[in-house]
Amino acid sequence: MNKKVLNTLEYDKIVEQLAKLAGSDGGKKLCRSLTPMTDRDEILEAQRETSDALTHIMTQGPISFQGVTPIKESLKRLELGAPLSMRELLDISSLLACAGQTKHYFRKSLNENEETGDCLNERYQLLEPLAPLMQEIRRCIIAEDEMADDASAGLNQVRRKLKSTGDRIHEQLGVLLNSHRSMLQDAIITMRNGRYCLPVKAEYRSSFHGMLHDQSATGATLFIEPNSVVKLNNEIRELERLEQDEIDKVLADLSNQTAEQSFLVEQDHRILTELDFIFAKAMLAKQMKATKPRFPEERFIEIKQGRHPLIAADKVVPIDVHLGRDFSLLIVTGPNTGGKTVSLKTVGLFCLMGQAGLHIPAFDGSSLRIFHEVYADIGDEQSIEQSLSTFSSHMVNTVSILEQADENSLALFDELGAGTDPTEGAALATAILANLHKRHTLTMATTHYSELKLYALQTPDVENACCEFDVSTLRPTYRLLIGVPGKSNAFAISHKLGLSDDIIEDAKHHVASDATQFEDVLADLEQTRIRLEKELADASESRKEISRLRKELREKNDKIDNSKERILQNANEEAGRILAKAKDYADETIRKYTKWAESDAHIREMEAERTKLREQINSKQSHSLKPAKPKKASGLKAKDLFIGADVRILSLNSAGTVSTLPNDKGDLFVQAGLLRTKVNIRDLELIKQPKPEKNKTKNTGSGRIGMSKAATMHQEVNLIGMTVDQAMPVMEKYLDDAYLAHMTQVTVIHGRGTGALRTAVHNRLKKLKYVKSYRLGEFGEGDMGVTIVTFKS
């Protein structure tokens, strides 16, 4: 890809934004060297990397690569057998720490998603944190200029001797300070040339015995090392030499350990640098709210709601562009500052970003074509040094493009043919575009020439487009409209700005009749387009309203069907009860009448029984004619319920068992047979149970435990994200609590994954005595990702 177009389309600014998001020097270097690719497989792989990294960022947050410092020179020194400095070893330790954090970041993501990984998984698997080496370096080296006392036994011994000797020197010098106070300039102990001295007044030089090391600028103070501490100072110097020898030994040992792992250290550095670069691309996509583009085999461009990434988000206007499927040449017209150049740059920049593996700020599902070269002649490139006018400069670029462009190229022209005589410029522009069209070069050009609008209308595979302009407000809308040629609007704009009507009318007479008619046609097309867009918007709203009403009607019908089935079921049940009762009553009545028929003495009793039966029938009939009263809310409160309580769902007239306690809104789950449904506490009625006699039962400790557990127990336990060692204690405690709470059935959520956690759960359930049975979940219960456990009664 030619470098000139990267600058023309401001691709270099995108690269700089990308580099700022990288955390390491190596990552920034990769960002700045990023250029568009032409190999399809490489582009798709780079896009997958960006997409997978963005998924990690969205689910877990960003990851830092600040600890990835340059270590290339250090590794070269190790190859030559030279020891590393404390700073170099700390850099390697920081690199290994970053490798460990990155390893943990990916491992955590895999545990949460229960997947085998993505295209970044191979890099993650190759990372080797080398924790023992990192910990050993950090144990021995405190800072880049400080070695820990316990870095080695020899160093620890030398430093103890140094401290002891220093204490003895200070003790002796303290005695001299007190006994020779009058001879000293200040009562302090100082250092000169690495030896302890006292500041002695010059006049006492002969009286104070010792070695002179320095004097003050005025000569009034002499810094003398007393004879009594000369030997101790010599010991200090010797111990300091031994200390440095021990430090060198530690550094040499750490360097040898690092050299043994140099291949893995270098591999970690390379992988972390690549990941830093990939995650920088993902962070850029997140900031731009960008999406992964598609690269269809049909080789076309379709940008949906594309936003130029260098325009502020609150100012940019999204555009829709398609090119290469229905037509291969797009001519964009419209007024100045209307957005033509921005549209041109957006298309070119998106192609460069997509081929570089970057996501584009457009709606999901946008498509790009892979080009071997992108050419752009945009902007005023007038050159004073080369004595080139604007037209000449543009023509030099155009000639260069015509020499190289082919069917695998994208050509972008801004104001093609401008800067010279309009008639000649229009003719040249038409000929240039026709030449590129014959080569099947995908081309997009902006212009003010009406001749090019006519060329697009008359030529197959060529299309007009315009940037919309609102004449009433004299402002562009920046919308790109494909299929509609642009109108100059010069007369309308001049009129709005106050130009005299006489001048405007006179100007119209100077315009050729063909041009005037063409502008009138464009005006009619524009009015038709606006009217059709309004009608389309109204139709869209009507479709939405129809869809909403249809949905409401369907829901209403479903409710009616459900209510009808419930009413019929209740009616059938009630009818069955009435028939059974009537049969029993008829049998009893026949028996009585047979008995009374044997004697006339029971006529009075028979009449009384008949009257009683008629009164009952009348009572039932009058009751059935009364309208049913709506059921009132039960008035239950959350404190009246507990897990396992027997309740009746009023709206369903069905009994069930409380599975969960009510939330803030009063909603809870009730197990009604095989159905677990969510209801509100106002739709429940507590089924009273006979209280146990006090003299027959006692409130045992286990009963109180069961009640307290039941108040807080959930219907399931979630083990996803845990290892087997972590999950087993959690599951066993939950099952113990659930069994004590007298729950009959619970759900263990272990996910699908590799199946290791599921196998461990089943193996443990086999050994629990209070578990009656267990099974995998069915459709709607969680399938293979859950196990349903049933307790013994």
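Helices (H or I, at least four residues) and strands (E, at least two) are DSSP runs, numbered from the N terminus. The model is predicted, and local features need pLDDT of at least 70, side-chain atom pairs count only at pLDDT 80 or more, and totals for chains, interfaces and linings use all residues. Residues are numbered from 1 along each chain as its sequence is written, and side-chain values use heavy atoms, with hydrogens and water left out.

Next, select strand β23 (residues 786–791), which pairs with β22 in the antiparallel sense over five bridges; within β23, T787 is the bridge partner of L776.

Move to the open sheet whose four strands follow the order β3-β4-β6-β5, with antiparallel pairing. Its edge strands are β3 (190–192) and β5 (210–215), each pairing on one side only, and here the twist averages 50° from one strand to the next. Between β3 and β4 there are three bridges in the antiparallel sense, and R192 stands opposite R195 in β4. To see which helices accompany this sheet, select helix α9 (residues 153–179), which lies across β4 and β6 (221–226) at about 5° to β4. Helix α10 (residues 230–260) packs on the sheet as well, touching β4, β5 and β6, and its direction makes about 145° with that of β4.

Zoom in on R195, which lies in strand β4 (residues 195–201). Is R195 buried or exposed? R195 is buried, with a relative accessible area of 11%, where buried means under 20%, exposed over 50% and partly exposed in between (1.4 Å probe, protein chains only). Leaving aside its neighbours within four places in sequence, R195 is in contact with T190, H213, E225, V230, N233, N234 and R237. Turn next to R192, whose charged end sits over the ring of F223, 3.9 Å from its centre; this requires NZ of Lys or CZ of Arg within 6 Å of the ring centre and within 35 degrees of the ring normal.

**The aromatic cluster**

Finally, select F65, Y105, F106, Y124 and F279, which form one aromatic cluster. Rings of Phe, Tyr and Trp (its six-membered ring) pair if their centres lie within 6.5 Å, with planes under 30 degrees apart counted as stacked, over 60 as edge-to-face and the rest as tilted. By this rule the count comes to eight aromatic pairs. The rings of Y105 and F106 have centres 5.8 Å apart and planes at 75°, so this pair is edge-to-face, and both Y105 and F106 are buried. At Y124, look for the charged end of K103, which sits over the ring, 4.8 Å from its centre.

Note on methods. Contact means heavy atoms within 4.5 Å. Two strands pair if DSSP finds at least two bridges between them. Axes are lines fitted to C-alpha atoms, for helices over the stretch in contact, and angles run from 0 to 180 degrees between N-to-C directions.
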